[in-house]
Amino acid sequence: MTADSAILVTGATGKVGRNVVTQLIDAGASVRALTRHPHAAALPAGASVVEGDLSAPETFAGSLEGVSAAFLVWPFLTADAAPGVLEALVEKRVRRVVYLSASGVRRERARQSDPITQFHADLERLIEEAGLDGPDGLEWTFLRAGGFASNDLGWAAQIHEEGVVRAPFGDAGRSVIHERDIAAVAAHTLTHPDHRGKAYVLTGPETLTTRERVRIVGDVIGRSLRFEEISSEDARAQYLADGWPVSVVDGILHAHAEMVTAPEQVTPAVEDLTGAPALTYRQWAIDHADDFR
């Protein structure tokens, strides 16, 4: 990567993307941050904020001049819009794509276990195919992240109001990961050339049940929180009432049910790639304590 080249960060105002922008700037990189609402982005000084929508590549294609690498976060539940995005990257000679995928992807399977991992697998395949077109194809790296600790921010309203978390599968074991660790790996792989064609499974440093994570949040904010397990049927009804597609809801619930008897495993990838141990869930809770207070 040349000194005058830029790195495009999509999803730049999201929990992971915002951290990628910050860490790249701290490392001295030139960052172009893509968002649909640039005036509300509030990104760190040093980021060049550009407007664009991944569902319409023509809205940001002009912002790709001088971009050598891109961090790609996909905000949709299908890969339908991806070919246009990848065509724009290849046309503008973006050389490297680091794609935030999912740990559940099993590329050896004809079909994935749920719609979320399916669209991630579809994106991976399309990115690989975009990299086969001779010398101008994309170099790619896939970051197959496990569960995001930040999803637990969905508990905040219940905690504020009642000091309780109601959720299914209290004994499901997850090795959730701090968004800062995902960003650290992304920043590293975007700025170092030796990760071409690699797929890394990223997790936190420990496997914790839902009950244990609720207890840790309570410890951090100084409250005795209560966990109440609800049935998968009640959880399903809540998800559907919130507008989630049926297939996605059923896939999520099935995956969490399996984690009760087959907890997620821990990988050393974060430390191997960044040189620093993955951040604990307790550290994540400390970082977000104000969200729960």
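Here is a walk through this predicted model, from its overall build to its sheet and then to some of its helix pairs.

Residues are numbered from 1 along each chain as its sequence is written, and side-chain values use heavy atoms, with hydrogens and water left out. Since the model is predicted, local features need pLDDT of at least 70 and side-chain atom pairs count only at pLDDT 80 or more, while totals for chains, interfaces and linings use all residues.

Let's start with the whole thing. The protein's secondary structure comes to 11 helices and 11 strands; these are DSSP runs numbered from the N terminus, with helices being H or I of at least four residues and strands being E of at least two. The radius of gyration is 19 Å, close to the 19 Å that the globule rule gives for 293 residues, so the protein is as compact as a globular protein of that length. That radius is taken over C-alpha atoms, and the globule rule is 2.2 Å times the number of residues to the power 0.38. Along the principal axes, the C-alpha atoms fill a box of roughly 55 × 40 × 35 Å.

Now look for the sheet. It is an open one of seven strands, in the order β3-β2-β1-β4-β5-β6-β9, with parallel pairing (two strands pair if DSSP finds at least two bridges between them). At the edges sit β3 (47-51) and β9 (198-202), each of which pairs on one side only. From one strand to the next, the twist averages 20 degrees. Zoom in on β1 (residues 6-9) and β4 (residues 67-72): four bridges join these parallel strands, and Val9 stands opposite Phe71 in β4.

Next, find helix α1 (residues 15-26), which lies across β1, β2 (30-35), β3, β4 and β5 (96-102) and runs at about 165 degrees to β1. Axes here are lines fitted to C-alpha atoms, for helices over the stretch in contact, and angles run from 0 to 180 degrees between N-to-C directions. Contact, by the way, means heavy atoms within 4.5 Å.

On to helix pairs. Two packed helices are described by the angle between their axes and the distance between the axes. α1 packs with helix α5 (residues 179-191) at about 50 degrees, with the axes 8 Å apart. The two are therefore oblique to each other (under 35 degrees counts as roughly parallel, over 145 as roughly antiparallel, 65 to 115 as roughly perpendicular, and the rest as oblique). Residues making this contact include Val16 and Val20 of α1 and Ala183 and Leu190 of α5. By class, the contact divides into nine nonpolar, three polar and three charged residues. Ala, Val, Leu, Ile, Met, Phe, Trp, Tyr, Cys and Pro count as nonpolar, Asp, Glu, Lys and Arg as charged, and the others, Gly among them, as polar.

Helix α2 (residues 82-91) and helix α3 (residues 115-130) have axes that come within 10 Å and cross at roughly 30 degrees, so they are roughly parallel to each other. Their contact is made by Ala82, Pro83, Leu86 and Val90 of α2 with Leu123, Leu126, Ile127 and Ala130 of α3: eight nonpolar residues, no polar and no charged.

Finally, helix α7 (residues 232-241) packs with helix α8 (residues 246-261) at about 145 degrees, their axes 10 Å apart. Among the residues in contact are Arg236 of α7 and Asp250 of α8.
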